[in-house]
Amino acid sequence: MTTTAPIDTADAEAGRPRRPRGARARLWILTPGSWTPAQRWMITGLVLLVALGATFLLDPYRNFLLATAAASVCAISGLSLLVGRTGQLSLGHAALMAAGAYAFAFTSNALGDAGIDGPVRLVLPFLAALIVAAALGGLVGIAGARLHGPYLAGLTLALVLALPALASTFSNVLGGDAGIYVSVERRPEFLSTIIATEQWQAWVALAVAAIVLGTFAQLVRSPAALRMQAVRDDESAARLSGIDPVAVRVGMFAVSAAAAGLGGGVLAYITQSVSPGAFGLTFSLFLLVAVVIGGVGTLAGAVWGAIVIVAVPEITSAITEVLPLSAELSQRLDGNLAIVVFGVILVVVMLAAPRGIHGAVADLVERLRRRRSADAPHIP
Amino acid sequence: MSTFLLLLGAGLARGAVFALFALALVLIWRATRIANFAQGAMSVSAAYVAYLVLMGTGSFPLAILTVLLAGAAIGFAMERALMRHVPSRSPLNSIIVAIGVVMVLTGVLGILFGADYKPVAVPFSRQPLEIGDVAIVSPYTLFVFVVVAVVVAGIALLFTKTSLGLAMRASAFDDEVARLNGVRVARMRTLGWVLSASVGGLAVLLAVPTELGLSPHSGDLLFVNAFTVAIIGGLDSPVGAVISGLFVGLLLTFVTTAWGATIGPIAVLVLLVVVLLVRPQGVFSLRKARLA
C-alpha cells in the first residue's frame, strides 16, 4: 500500500485538469469564464465580421484555402472536444464528414430539381448534413461508448476504411469512386458585382465555422462540460454522482459528429463534388494531427490546427516544385512528404509539448504577465 | 464440392494469417496494455526489407529470416525510442504516437517505393493439388498453415513452459509485484514488442502473395481485420485470437466470393459493430470486460 500510494496521487495529480486561475483564465480568448452566453455570442459575431472583412485582402486561391480551413475547423473543434473532454479517440472523423457531405449533396440536388432556390436551398442542406452525421455518430458512439481507449479508435478506423467500399457497393446512389456532382445555391445577385465566387464561398464557410465554434464555446462553459470531465477522469465517481457515462459519451460523440458533418457540408458546397477519395484515412489522420498540434480540448487550438494542416501541404508542395527532381521522384514526394512531416510533428508534440500550440502560447503570455507584475513595484 | 473445399482451404489460410497478426496485437496488449495501432505500418516496413532481400537473392527462406529480424529491430526501436517515453496518463497518448509512426512509415515507404503494388514471388505453386478429380488445397496454403502452426506452438511453449515466458506473464499481470520478485519488467516489455513486431512482419509477408501485392498501405486493411479478430477473441486471449482469426478468415472468404471483393471491408465493419454491441469483452474471453 505504501509503495502504490504515491504513484496513485501522482497519477491523479497529472490527470486532474489544470484549472487556470486569474489572468490565465483570460487566455480563453473565445470563452472567458466571466462572460454571459449573450456576450459570448456577440464576441463570436464580432470575430466573424472581422474575418469576413479580411477576405477582401485575399486573392481567390487564398480565399479557397481559407474556406477549406474553415470547413476543417468544424471537424477539428468537435474532435478536439471529443478527445480532450470525454477521452474518446476517433480516427474516422473524415467518414463522418463524408456522411455530412453526401447528405448535403442529396438535399441540395433535390431542392434544385424541385425548383426551390434562395436562402432555403443554402440552409436546408446544411441542416441535413448536421442531422445525418449526428445520427451516424450516435450509432458509432453507442457501439464504442461502453469501453474506453482502443475500441472506439479501431471501430472508427474500420469505418473510414470501409468508405470507398460503401461508395462503390452503392455506386448507383453514391457514385462510386468518382463521387457525385453537387449543384448549389450561388451567391446572391446583388453581391455578384462586389465579390468573387471564392470569396462568397469563404463567407459561407466562415459563417458555418462561427456557428460551430460559438456553440462549442457555450458548451465548454456549461454543466455538460463538467459532466464530461467527470466521466473522463473517474467513471465510478461520476456514476456515484448520478451521471450516466454512456449517455455523456454517446451525446458528445453525436455532437462532435454533427460538427464534422457541417464541415463536410461546407466542403461539398465549396468544391461542388463529393467523392470517397476526398475523405480518406489520410485526411482523417490530418484532423487528429490538427487537434494535437493545436492543443487537445481547446477551441483556440482547433483554429491553430486548421491553419497548420492547410498551410503545411501547401508549403511542402511548393518546396518539391522548387527542388530540381525527376518527375517520378517529385510525384512520390508530393503528398507523401506532408504525411511524413505531420507524422513527425505528431510524435514530437505528443512527447515534448502535449499541450500543443495553445499551451505554448498560454505559457508565453503567462510568463510575460509575471515579468510585468514583477517589474511593477519598481515603477516610482 | 471441389469449390467448397478450395474456399475452405483458402479461407482457413487467410484466417491463419489474420490469427498470426492478431496474435501480434495480443502479445503487445498483454505485455504493455497498449493497442499497437502502428502494427500494420511496422510490419509492412519489415516486409519491404524482406522484399528487397528477395529481389536481391531470390531466396524465400532468407526473406522469411529477414522479415523476422527486421521486424524485431523495428519493434525494439519503437519501444526503446518512443513508447517507453510516452506519458501513460491516458491510453490515448500511446495510440496517438502510434498513429504518428504510421504516418511517418507509410509516407517514407511511399517516397522510397511508390504507391504501386510490388508482386512477391513464392517458391510454392498456388495451383491446387488434386486427389482423384477433386482439387483440394494449394501447396502455398499448406505452407502457410505449417508456418503459422509452428509459430503459434512456439509462442505457446515460450509462455507456458519457460521461465522467460513466466517472467513476461508476471510483468504483464502485475509489474509492481514482478519487479519486487526480481523480474526486469522494462526488458520484458521490450521483448514483448520485439516478439510482436517479428510475428506481425511474418504475417504480412505470408499475406502478400495471396493479395494484390506489397504496397505502403497493405497494412491498413490487414490491421483492421486483425483488430476485429483480436476484439472478437478478446484482446488478452491468444487462444481467442487464433480461433476467431480462422473464423473471420473463413467468413470473409465466403462473403467476398459470394458478393465481390469490395464487400470485404463492409462485412468487417458490420461484424465489429455487432460484436462491440453484443459482447464487447470478446466472444472467447471469460473475464469481465476491462475498463482500461
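This is a predicted model: local features need pLDDT of at least 70, side-chain atom pairs count only at pLDDT 80 or more; totals for chains, interfaces and linings use all residues.
Guide: Let's start with a cut-off: buried means under 20% relative accessible area, exposed over 50%, and partly exposed in between (1.4 Å probe, protein chains only). By that rule, 49% of the 380 residues in chain A are buried. Residues are numbered from 1 along each chain as its sequence is written, chains are lettered from A and ligands numbered from 1 in the order in which they are written, and side-chain values use heavy atoms, with hydrogens and water left out.

Visitor: How many helices and strands are there in chain A?

Guide: Helices (H or I, at least four residues) and strands (E, at least two) are DSSP runs, numbered from the N terminus. Chain A has 15 helices and two strands. Now take contacts, meaning heavy atoms within 4.5 Å. Of those in chain A with a separation of 6 or more, 79% link residues 24 or more positions apart.

Visitor: On to the interface. How much area do chain B and chain A bury between them?

Guide: The size of an interface is often given as the accessible area lost when the parts come together. Here the buried area (accessible area, 1.4 Å probe, that two parts lose on being put together, summed over both) is about 4100 Å², and 82% of it is on carbon and sulfur atoms. Three residues, B:Ile96, B:Met103 and B:Ile111, supply 17% of what chain B buries against chain A, more than any other three. As for residue counts, 47 from chain B and 49 from chain A take part in the contact.

Visitor: Which helix of chain B gives the largest share of the side that touches chain A?

Guide: Helix 4 of chain B, with 16 residues. B:Ile96 sits in helix 4 and is buried at 3% relative accessibility. Beyond its neighbours within four places in sequence, B:Ile96 touches A:Leu89, A:Leu288, A:Val292, A:Leu346 and A:Met350.

Visitor: What should I look for in backbone angles?

Guide: Most residues other than glycine have a negative phi. A:Gln272 has a positive one near 55 degrees; that residue lies in the loop between helix 11 (245-271) and strand 2 (273-274) of chain A, buried at 14% relative accessible area. B:Arg33 also has a positive phi, about 60 degrees, in the loop between helix 1 (2-32) and helix 2 (39-57) of chain B, and is partly exposed at 31%.

Visitor: Is B:Asn36 buried or exposed?

Guide: Buried, at 0% relative accessible area, in the loop between helix 1 and helix 2 of chain B. The side chain of B:Asn36 reaches the backbone nitrogen of B:Ala38 at 3.0 Å.

Conventions
A polar contact is a pair of N or O atoms within 3.5 Å; within protein, one must be able to donate a hydrogen and the other to accept it, and residues adjacent in sequence count only if both atoms are side-chain atoms.
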